[in-house]
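Please walk through this protein with the model open beside the text.

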Amino acid sequence: MAISSLHCIQPVRVPFKACSFFPAGVCGGFNNKKRINAVVFSSLRKISNDIKFESKVDTLLDSIKWDDKGLAVAIAQNVDTGAILMQGFVNRDALATTITSRKATFFSRSRATLWTKGETSNNFINIYDIFVDCDRDSIIYLGKPDGPTCHTGSETCYFTSIGDLLKEQDVEKTNLALTTLYSLESTISKRELELTGKHGKPSWTKRLLLDENLLCSKIREEADELCRTLEEKEDSSCTASEMADVIYHAMVLLRLKDVKIENVLEVLRRRFSQSGIEEKQSRASTES
């Protein structure tokens, strides 16, 4: 239970004889009452901070509009790709556990118990942030999955297109609900798979995949054209068009290097959380 008042916590001075109750590494050989008091006050500050945090969590949980069963919808979203991974339900304990453990935790309605995604498969969803909607009756777990989220082995639980169902087409687990950038990545990957056993005039993407020199020259060319939209004060629509060309050709290069756009976005996310100096120091230590 959270304690809203800290009046019960008072500074405590420990007699020097209490040193015998501390591990030798803490106060053995110090022979200094002030050092002992510093350890005690540090512990008290931690307890105080923990109590304040717990009180804030309780206040937050009180603000959620739980349904008549004490539940709310929780959606897990990939922090880098934006992909919707799965949907479940949470109660107060599930949300509180997620906040403290940083692992996506839900409430099982069928088993009437908490469960943490990954507790059996080890495919945890590591939480970076949690959002509530404007009505505070639904929640987003923004996190990074350790592996496939769906029990079928698919990356997400959303691979069934209503359009395919209406056309009575077979459902493929690889047909994920993708945003534009990831649809492009998927298309480039498919073009690479089509390179073998196919004849006739290849598409532009296939030509780029087959000719590294052509690809690199196009990336340099498109990057230069992008810069010229700024230098020559061209219309913003031209800038958007040239940037699209840069992204497309760069993603073909990523495919050849077997690098996913998700990996690139993860690097950007990590850099955003650091200052420029820290980021450069981190890169220098990695390269050395």
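Is C134 buried or exposed? C134 is exposed, with a relative accessible area of 76%. C216 is partly exposed, at a relative accessible area of 29%. The structure holds 0 disulfides. A disulfide here is a pair of cysteine sulfur atoms within 2.5 Å. In general, a disulfide is a covalent bond between the sulfur atoms of two cysteines.

A word on the source. This is a predicted model, in which local features need pLDDT of at least 70 and side-chain atom pairs count only at pLDDT 80 or more, while totals for chains, interfaces and linings use all residues. Residues are numbered from 1 along each chain as its sequence is written, and side-chain values use heavy atoms, with hydrogens and water left out.

Helices (H or I, at least four residues) and strands (E, at least two) are DSSP runs, numbered from the N terminus. Two strands count as paired if DSSP finds at least two bridges between them. Strands of a sheet pair through backbone hydrogen bonds, either parallel or antiparallel.

Take the pairs in turn. Strand 1 and strand 2 are antiparallel and share 6 bridges. Here A76 stands opposite M86 in strand 2. The two strands form a hairpin with 5 residues between them, and G82 takes a positive phi near 80 degrees. Strand 2 is mostly covered, with 5 of its 7 residues buried. Strand 1 (residues 72-78) and strand 6 (residues 138-145) run parallel, joined by 6 bridges. V73 has S138 as its bridge partner in strand 6. Strand 6 also pairs with strand 5, in the antiparallel sense, over 7 bridges. F131 stands opposite I140 in strand 6. This pair is a hairpin too, with 5 residues between the strands, and R136 in the turn has a positive phi of about 60 degrees.

Most residues other than glycine have a negative phi, and most peptide bonds are trans. R102 has a phi near 65 degrees, a positive value in a residue other than glycine. R102 is in the loop between helix 3 (92-101) and strand 3, and R102 is partly exposed at 35% relative accessible area. K233 is not a glycine either, yet its phi is positive, about 55 degrees. K233 lies in the loop between helix 7 (212-231) and helix 8 (236-256). At 71% relative accessibility, K233 counts as exposed.

One more loop residue is K69, between helix 2 (33-63) and strand 1. K69 is exposed, with a relative accessible area of 70%. K69 and N91 are 22 residues apart in sequence and 8.7 Å apart in space, C-alpha to C-alpha.

On a 1 Å grid over the protein atoms alone, a cavity is a set of points where a 1.4 Å probe fits but cannot get out, and a pocket is an open set with protein on both sides within 12 Å along at least five of seven lines; lining residues have an atom within 4 Å of a point. Grid points are joined across faces, edges and corners, and a volume is the space filled by probe spheres set on the points.

The second largest pocket has a volume of about 300 Å³. It is lined by 14 residues, and the closest to its centre are M86, Q87, G88, F106 and W115. Strand 2 (84-90) and strand 3 (105-108) each supply at least two lining residues. Strand 2 gives the largest share, 4 residues.

A search of the whole structure finds 1 cavity of 30 Å³ or more. The largest cavity has a volume of about 70 Å³. Its lining includes E185, I188, M251 and D258. Helix 5 (180-193) and helix 8 are the elements that give two or more residues to that lining.

Notes
Buried means under 20% relative accessible area, exposed over 50%, partly exposed in between (1.4 Å probe, protein chains only).
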